[in-house]
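Dear colleague,

Please find the structure for your files below. My notes on it come directly after.

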Amino acid sequence: MTMGTALHKLAGLAFGAIAALCAPQALAERLTVFAAASTGTALTEIAAQWEAQTGHQVALSLAGTSVLARQIERGAPADVFLAASPEWMDHLDAQGHIVSETRRDLLGNALVVVGPAGAAALDPVAPGAFAARLGNGKLAVALVDAVPGGIYAKAALETLGLWDIAAQRLAQSDNARAALALVALGAAPLGIVYLSDARAEPRVSVVAPIPPDTHAPIRYPVAAISAGQVAKARAFLAYLHSAEARAVFEYQGFVLLEAD
């Protein structure tokens, strides 16, 4: 191979590399969304819609709200935070980690008691029936002292007079989706999860609703992260209130709250 031929090939490779970098896919800006695990099914579909409409990639990081908030606090790269707890959003706001004017209460949810698919209905107000259904098994819940889903569940159990029965028989998980999995896999006869979780898992059935007045209102605040791509985050936040997103959220059991 002559020197001229080699240089010509190198020039061609360099041009190809530049063209690849300038392709629409490569130029698409990636938006990183930290979100409560209970929103995962809905957000995966909504993110795909957003990508198709805008060409901007969305990376979802799904976990317990407290875990995600601590990661943001330590500087993890995120553009949007969708939490299952106003308290953790308050915590980040106080430290300047979110763009305060972008914060909105986006979603509402409900708690339900779930059992294996096809399980009979249960009256959670009757302690005897609740204890009998548990038998020698465990009650699957998210961490009752740290994770919003578990905190709501504990408050409901206390209000219903069931905490003494449940307290020593808890199977606690890092988030509500992990608690749901315990019931779906047959490792626990009952669990307390969000309605949206139950809708996403065909291997469980809702055996009882949890009265909403037994715990604090379930609200999912969302905001742009101050260290992230704020302009792109604002556009994505607006899309979360669109008719397309609303349809997905509502199908999954959420209530889309009105934008301010």
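The notes go from the whole chain to the sheet and then to one residue.

The model is predicted: local features need pLDDT of at least 70, side-chain atom pairs count only at pLDDT 80 or more, and totals for chains, interfaces and linings use all residues. Residues are numbered from 1 along each chain as its sequence is written, and side-chain values use heavy atoms, with hydrogens and water left out.

The protein chain contains 12 helices and 11 strands (DSSP runs of H or I with at least four residues, and of E with at least two, numbered from the N terminus). Of its 260 residues, 46% are buried (under 20% relative accessible area, 1.4 Å probe, protein chains only).

Six strands form an open sheet with mixed pairing, in the order E2-E1-E3-E10-E4-E11; two strands pair if DSSP finds at least two bridges between them. Its edge strands, E2 (58–63) and E11 (255–256), each pair on one side only. Strand E4 (residues 104–108) runs antiparallel to E11, joined to it by two bridges, and Leu107 stands opposite Leu256 in E11.

Ser85 lies in the loop between strand E3 (80–82) and helix H5 (86–94). Is Ser85 buried or exposed? Ser85 is buried, because its relative accessible area is 5%. Leaving aside neighbours within four places in sequence, Ser85 is in contact (heavy atoms within 4.5 Å) with Thr65, Pro148, Arg219 and Pro221.

Yours sincerely

Notes
Buried < 20%, exposed > 50% of the residue type's maximum accessible area, 1.4 Å probe, protein only.
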